[in-house]
Amino acid sequence: MANQLDEMNGPIVQEGRDVNVIQKQIPVKVGWGSKFFEVILWVLAIIPGVIFLFMKINAKAYLRKLEQKIQHDASQIDNYLEQRVVILQNAARLLDKAIDLDKDTLTQIAKFRSGVRDNDVNRNETSQAVDKLFGQVNVAFEQYPNLRAHDEIQECLRQNSYLQKEITAARELYNDTVYTWNSAIQEWPTKMIVAAKEGYTTRIPFTASQEIKEQARGVFF
C-alpha cells in the first residue's frame with residue numbers, strides 16, 4: 001500500500017497557508033447508544049450499574065476540578081494583562097507630556113484600566129485590543145527618536161516586554177489546560193456522558209492578535 005501522505009509528490013501549497021483558531025464553543029452531545037449502554041449495565045446486573053455510577057461521580061468531580069484549573073490559569077492571564085494596561089497607561093501619559101499623543105489612544109487605554117473580564121472570548125478580545133493600543137503608542141514613540149533617552153519611557157517599554165513574555169507563558173499554560181478539558185469531555189463513555197448531561201462545551205484557546213501576526217511577518221534583521 002502506498003503512503004497516504006507523500007511529502008515528495010504533494011499536493012504542495014507553494015504559497016504557504018496561514019491558520020487561525022476557530023472561535024466556537026462546541027457543545028458535547030451523546031446519542032441513544034450511550035443511554036442504551038447505561039441501561040444495559042443495569043439490566044445485566046446491579047454491580048456493573050453501580051460501578052459505572054461511581055465512575056460518573058468521579059468523572060464529574062474531575063471535570064469540576066479541571067474547570068477550576070482553567071479559571072486559575074485564566075486569572076493569571078488577567079493579572080498580567082492588568083499590569084500591562086497600567087504600564088501602557090503610564091507610557092501613554094509620559095508620551096503625552098512630551099508630544100501631542102492622539103487623545104483617542106488615551107481614552108481607549110483608560111477603558112481597559114478596570115481590567116479584563118468575563119469569558120474566554122472577551123478575555124481574548126481584550127488582549128488583542130491591548131496589543132493594538134501598545135502598537136499605537138510604540139509608533140508614536142518611534143516617530144520621536146529624542147524620546148529614546150527618556151529613562152521612564154524606556155523603563156515602561158522594558159516592563160512591557162517582560163509582561164509580554166509572562167503573558168505568553170501564562171497563555172501556553174492556559175491553552176494546555178484547555179486542551180486537556182477539550183480532550184476529556186470527548187472521552188466516551190464516562191466523561192462524555194457526564195459532560196453532555198452537564199451541558200459542557202469545548203473551550204476556546206488563546207490566540208495571537210492580528211497585530212502580533214503582522215509583526216511576526218515583518219523583517220527583523
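Asp73 is part of helix α2; helices (H or I, at least four residues) and strands (E, at least two) are DSSP runs, numbered from the N terminus. With a relative accessibility of 1%, Asp73 counts as buried. Buried stands for under 20% relative accessible area, exposed for over 50%, and partly exposed for values in between (1.4 Å probe, protein chains only). Apart from neighbours within four places in sequence, Asp73 is in contact with Leu173, Tyr174 and Thr177, where contact means heavy atoms within 4.5 Å.

## Basis of the model

This is a predicted model, in which local features need pLDDT of at least 70, side-chain atom pairs count only at pLDDT 80 or more, and totals for chains, interfaces and linings use all residues. Residues are numbered from 1 along each chain as its sequence is written, and side-chain values use heavy atoms, with hydrogens and water left out.

## Overall make-up

The protein has seven helices and zero strands, giving the pattern α-α-α-α-α-α-α along the sequence. Of its 221 residues, 34% are buried. Among contacts between residues at least 6 apart in sequence, 78% join residues at least 24 apart.

The accessible surface comes to about 14,500 Å², and carbon and sulfur atoms account for 56% of this surface. Accessible areas come from the Shrake-Rupley method with a 1.4 Å probe; for residues, only the protein chains shown count as cover.

## The nonpolar core

A nonpolar core is a set of buried Ala, Val, Leu, Ile, Met, Phe, Trp, Tyr and Cys residues joined through side-chain atoms within 4.5 Å. The largest one here has 33 residues, and those with the most contacts inside it are Leu63, Ile77, Tyr174, Trp181, Ile185 and Ala195. At least two residues of this core come from each of α2 (46-98), α4 (120-142), α5 (151-184) and α6 (190-198). Helix α2 supplies the largest share, 13 residues.

Ile185, one of the core residues named above, touches Val28, Leu63, Lys191, Met192, Ala195, Thr201 and Thr202, not counting residues up to four places away in sequence.

## A cis peptide bond

The peptide bond from Trp188 to Pro189 is cis, with omega near 10°. Pro189 sits in the loop between α5 and α6. As a general rule, most peptide bonds are trans.

## Salt bridges

The whole structure contains six salt bridges, each defined as a side-chain nitrogen of Lys or Arg within 4 Å of a carboxyl oxygen of Asp or Glu. One of them joins Glu38 and Lys56, whose closest N and O atoms are 2.6 Å apart. Glu38 lies in helix α1 (residues 32-44) and Lys56 in helix α2, so the pair ties together parts that are 18 residues apart in sequence. Both Glu38 and Lys56 are buried.

A salt bridge also forms between the side chains of Glu198 and Lys60, at 3.2 Å from N to O. Because Glu198 belongs to helix α6 and Lys60 to helix α2, this pair ties together parts that are 138 residues apart in sequence. Glu198 is partly exposed, at a relative accessible area of 31%, and Lys60 is partly exposed at 28% relative accessibility. Lys191 forms a salt bridge with Glu187, with 3.3 Å between the closest N and O atoms. Glu187 is partly exposed, its relative accessible area being 39%.
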